[in-house]
Amino acid sequence: MASFLLTNARLASLEGGASAYGLIDAGALAVIDGSIAWCGAAQDLPDTFDALERKDVGGRLVTPALIDCHTHVVFGGNRAREFEMRLNGATYEEVARAGGGIVSTVTATRAASEDQLLRDALKRVDALIAEGVTTLEIKSGYGLDVETELRMLTVARRIGQERAVRVRTTFLGAHAVPADYKGREDGYLSEVCLPTLEKAHELGLVDMVDGFCEGIAFSTEQITRVFDKAISLGLPVKLHAEQLSNLGGAALAAGYQALSADHLEYLDEAGVIAMAKAGTVAVLLPGAFYTLREKQMPPVELLRKHGVPIAIATDCNPGSSPMTSLLLTLNMSCTLFRMTPEEALSGVTREAAKALGLKDCGVLRAGFKADLAIWDVEHPAELSYRIGFNPLHERIFGEIL
């Protein structure tokens with residue numbers, strides 16, 4: 001397992017506090033057996049680390065490695081045709097009600113083999129890894145039957161074996177209603193979704209449970225059934241909420257101590273307050289906002305006011321956010337949502353870790369995993385400022401260099 005000492009580094013610990021970005025000029029960072037053993041100003045480095053192999057990073061910026069906390073990277077086919085339909089005037093809901101949207105991806109995903117799903121997903125994952133990502137969440141939700149949902153989760157687990165990346169899997173059986181259950185949402189939950197969740201848990205394929213609470217998907221009462229089952233299995237929950245309307249999904253999720261509520265364009269102050277009390281992270285997804293040409297912005301100022309942690313993610317999916325660049329997400333969150341570059345970087349490190357329930361990554365801190373990104377930039381704001389540019393010099397994943 002890797003042990004070394006990074007020297008001549010500019011460290012952005014993302015610990016918060018008085019200094020912006022937790023910035024430490026002329027810093028050093030000691031790694032022992034794949035974990036951070038010490039981090040601080042080089043002049044304060046204890047003598048106990050003198051024997052470590054030194055790695056001079058040439059004054060480059062070192063941050064925690066990036067975390068993509070909301071993705072749907074495992075899926076079949078693509079929806080370029082629907083992209084064209086939307087540009088010709090069709091709304092997201094119109095596409096969905098016409099049998100497109102999620103349902104079209106379900107058809108393609110059901111038809112794809114496990115190996116085919118893996119090959120296609122790895123292309124997307126490799127793009128994220130190339131930008132310094134070491135941890136990502138992967139959802140099911142494009143199978144909507146027992147066999148395909150389990151296949152998607154199996155592929156997600158295999159990605160963590162095929163690549164030097166940590167994968168957190170999320171069961172999203174309550175993503176949409178398949179065509180053969182149209183108008184029978186409760187029947188779908190009873191006969192397919194909940195039994196599949198039980199099986200996925202039995203097989204060790206699921207870390208978290210999600211749902212889509214929206215008029216074109218599931219009601220708060222139906223999501224309650226899914227969450228009750230998740231809690232009975234000892235699984236944490238999160239929720240797609242308030243993306244297209246305000247059904248009170250975020251407040252519902254907060255009532256279950258959800259790790260996160262995601263999208264949130266139509267979130268009101270009551271929902272924000274509920275999230276703040278529960279410690280539920282707000283995950284904003286500017287890629288979907290951009291692709292769907294939304295006008296309603298998430299209430300960033302209210303989230304700040306009430307101290308709700310804000311994470312951001314790619315929402316990589318074939319329909320509403322076909323994006324595999326977390327660096328572009330940084331820029332979008334600043335440009336579209338008026339987040340600050342520090343908030344954006346914290347949103348793909350410290351706050352993203354919280355959104356996944358992880359307590360050993362996301363900041364540069366002794367005892368945390370040595371998941372690090374070394375950048376060819378002078379200041380952390382450059383990571384949000386640049387568009388279409390990848391300044392990653394080196395990615396370090398725990399014990400793997």
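Start with helix 1, residues 80-87. In this predicted model, helix 1 gives the most to the lining of the second largest pocket, with three residues. Helix 2 also gives two or more residues to that lining.

**Stop 1: the second largest pocket**

Select Ala 90, Thr 91, Tyr 92, Leu 292 and Glu 294. Of the 15 lining residues, these lie nearest the centre of the second largest pocket. The space here is about 260 Å³. Now colour the lining by class. Seven residues are nonpolar, four are polar and four are charged.

**Stop 2**

How far apart are Arg 81 and Glu 84 in helix 1? They are three residues apart, so about one helical turn separates them. Arg 81 counts as exposed, at 53% relative accessibility. Glu 84 is partly exposed, at 42%.

**Stop 3: the largest pocket**

Move along to helix 2, residues 92-97, and helix 3, residues 102-111. Each supplies at least two residues of the lining of the largest pocket. Which helix gives the largest share of that lining? Helix 2 does, with three residues.

Select Ala 96, Arg 97, Val 103, Val 177 and Ile 216. Among the 21 lining residues, these five lie nearest the centre of the largest pocket. About 480 Å³ of space lies in this pocket. Its lining holds 11 nonpolar, six polar and four charged residues.

**Stop 4: from helix 3 to a loop**

Keep helix 3 on screen and pick Arg 110. Its side chain meets that of Asp 145 in a salt bridge, 3.3 Å from N to O. Asp 145 sits in the loop between strand 7 (133-139) and helix 5 (146-162). The pair links distant parts of the chain, 35 residues apart. Are these two side chains buried or partly exposed? Asp 145 is partly exposed, at 21% relative accessible area. Arg 110 is partly exposed too, at 33%.

**Stop 5**

Select Glu 114, Asp 115 and Arg 158 together. A network of salt bridges links these residues.

Then go to Arg 54 and Asp 50. Their closest N and O atoms are 3.6 Å apart, and the two form a salt bridge. Arg 54 is partly exposed, with a relative accessible area of 49%. Asp 50 is partly exposed as well, at 41%. How many salt bridges does the count come to? The count is 25.

**Stop 6: the cysteines**

How many disulfides does a search of the whole structure find? It finds zero.

Select Cys 39 and Cys 361 to see one reason. A disulfide would need the two sulfur atoms within 2.5 Å. Cys 39 counts as partly exposed, at 21% relative accessibility.

Finish at Cys 213 and Cys 193. The closest cysteine sulfur to that of Cys 213 is in Cys 193, 13 Å away, so this pair is also too far for a bond. Is Cys 213 buried or exposed? Cys 213 counts as buried, at 1% relative accessibility.

Key: Residues numbered from 1 in each chain as written. Predicted model: local features only at pLDDT ≥ 70, side-chain atom pairs only at ≥ 80, totals over all residues. Heavy atoms only, no water. 1 Å grid on protein atoms, 1.4 Å probe; cavity = no way out; pocket = protein on both sides within 12 Å on 5 of 7 lines; lining within 4 Å. Points joined across faces, edges and corners; volume = space filled by probe spheres on them. Helix = DSSP H or I, 4+ residues; strand = E, 2+ residues; numbered from the N terminus. Nonpolar A, V, L, I, M, F, W, Y, C, P; charged D, E, K, R; others polar. Buried < 20%, exposed > 50% of the residue type's maximum accessible area, 1.4 Å probe, protein only. Salt bridge = Lys/Arg side-chain N within 4 Å of Asp/Glu carboxyl O.
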